[in-house]
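These notebook entries record what I looked up in one structure, entry by entry.

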Amino acid sequence: MRILVLGGTSFVGRAIVDDVLGEGADVTLFGRGRTGAGLFPGVPRRIGDRDTGDYAALRGGRWDAVVDVSGYVPRHVGQAMEVLGDRVGRYLFISSCAVYVRTGVGPGSDEDTPRRAPVRDTEELNEDTYGPAKVACEDDVVARYGTRATIVRLGKVAGPHDPQDGFTYWVRRAARGGRVALPSRPEQPVQLIDSRDAARLVTRLLLDSRPGAFHAVGPAEPTTMAGLITTCARVAGSEVEVAAVPPDAVPPMFPLVRSEPMWPTQQRSAARARAAGLPATPLEVTAADVLAWDRERGEPPLGRGLSPAEEDELLAPA
């Protein structure tokens, strides 16, 4: 199988390339060539830039499928589709569960949940535009490729090489042990999918030529923030005590923390994806692998969460 990957050298894309190569696929990478230059020796690369619209390197060649990891706004996917046309069989677009409406949705929501209104008039991505821009991208891919279009909507992804620091913060914090400040109720649900499971789903959908939309969410068993922290501690051989603190006492956008009205966004159904081949790596395995990766790279400073001093001050008796 000949597969073109738009992106493919950072985190989820990297895991996808690893997985399809394991199936013996003939892979071509397209990107700027700035990230992961030493990855995947022997895999051909075509150099271009989605931000400037430089897709000239894709004007020749044919592929059975394209996996678009790098499309965030309609211009990205529009320009890619324009240059590729019918020289690709299936177009698999990596989307996000951020496409869905945020109110009136209960636990167990599936891929038929109403989506937000598409946004096409901006390329500034933030909390208000990221999901709606992905909606517009999805619509354009389906309009162009029809039953040859596949949409994978990622939930929160965790695993080695994660650049976003969210799960890594909790793995590292739990390994340190002691009282852990949690700016949420301990029973807050949390959904994490291992990047390698998301990659395996993508591979299966390509091999089986499945159209439609699929949730890439996990783990198999529901968990909570308290459960996640204690699982990470158990993997590290440490002991923790989870201490709830007021959410307004910490910086906004705290790793993995959601307000209670948003809890159903962490309880989506993975039934359709499981039936299509989505595996379920145990949370313990993901945590252990992230811990090992983080230590191997020297535990660099994280851009999110609390420093030990900030946490000590927050937990100090009044």
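Entry 1: I located Phe40 in the loop between strand 2 (26-31) and strand 3. Helices (H or I, at least four residues) and strands (E, at least two) are DSSP runs, numbered from the N terminus. The phi of Phe40 is near 55 degrees, a positive value in a residue other than glycine. I noted for comparison that most residues other than glycine have a negative phi, and most peptide bonds are trans.

**Entry 2: sources.** I am working with a predicted model, in which local features need pLDDT of at least 70 and side-chain atom pairs count only at pLDDT 80 or more, while totals for chains, interfaces and linings use all residues. Residues are numbered from 1 along each chain as its sequence is written, and side-chain values use heavy atoms, with hydrogens and water left out.

**Entry 3: a cis bond.** I then checked the peptide bond from Gly218 to Pro219, which is cis, with omega near 0 degrees. Pro219 has its place in the loop between strand 11 and strand 12 (223-224).

Entry 4: In what order do the strands of the open sheet run? I read the order of its seven strands as 3-2-1-4-5-6-11, with parallel pairing; two strands pair if DSSP finds at least two bridges between them. Strand 3 (45-47) and strand 11 (212-216) stand at the edges with a single partner strand each, so one side of each has no neighbour in the sheet. From one strand to the next, the twist averages 20 degrees. Ile3 has Ala65 in strand 4 as its bridge partner. I recalled that strands of a sheet pair through backbone hydrogen bonds, either parallel or antiparallel.

**Entry 5: helix 3 and its surroundings.** Helix 3 (residues 130-145) lies across strand 5 (88-96) and strand 6 (149-154), and runs at about 165 degrees to strand 5. Axes are lines fitted to C-alpha atoms, for helices over the stretch in contact, and angles run from 0 to 180 degrees between N-to-C directions. The axes of helix 2 (residues 74-84) and helix 3 come within 8 Å and cross at roughly 20 degrees. Helix 2 and helix 3 are therefore roughly parallel (angles under 35 degrees count as roughly parallel, over 145 as roughly antiparallel, 65 to 115 as roughly perpendicular and the rest as oblique). Pro74, Val77, Met81 and Leu84 of helix 2 meet residues of helix 3, among them Ala133, Cys137 and Tyr145; contact means heavy atoms within 4.5 Å. By class, I found nine nonpolar, no polar and two charged residues in the contact of helix 2 with helix 3. Here Ala, Val, Leu, Ile, Met, Phe, Trp, Tyr, Cys and Pro count as nonpolar, Asp, Glu, Lys and Arg as charged, and the others, Gly among them, as polar.

**Entry 6: two further helix pairs.** Helix 1 (residues 12-22) and helix 5 (residues 195-208) pack at about 50 degrees, with axes 8 Å apart. Helix 1 is therefore oblique to helix 5. The contact includes Ile16 and Asp19 of helix 1 and Arg196 and Leu206 of helix 5. Its residues divide into six nonpolar, two polar and three charged.

Helix 6 (residues 225-236) and helix 8 (residues 283-296) pack at about 60 degrees, with axes 9 Å apart. They are therefore oblique to each other as well. Among the residues in contact are Leu228 and Val235 of helix 6 and Ala287 and Leu291 of helix 8.

**Entry 7: salt bridges.** How many salt bridges are there? I recorded 27, a salt bridge being a side-chain nitrogen of Lys or Arg within 4 Å of a carboxyl oxygen of Asp or Glu. In one of them, the side chains of Arg179 and Glu241 meet (3.9 Å, N to O). Arg179 lies in strand 8 (residues 178-182) and Glu241 in strand 13 (residues 240-244), so the pair ties together parts 62 residues apart in sequence.
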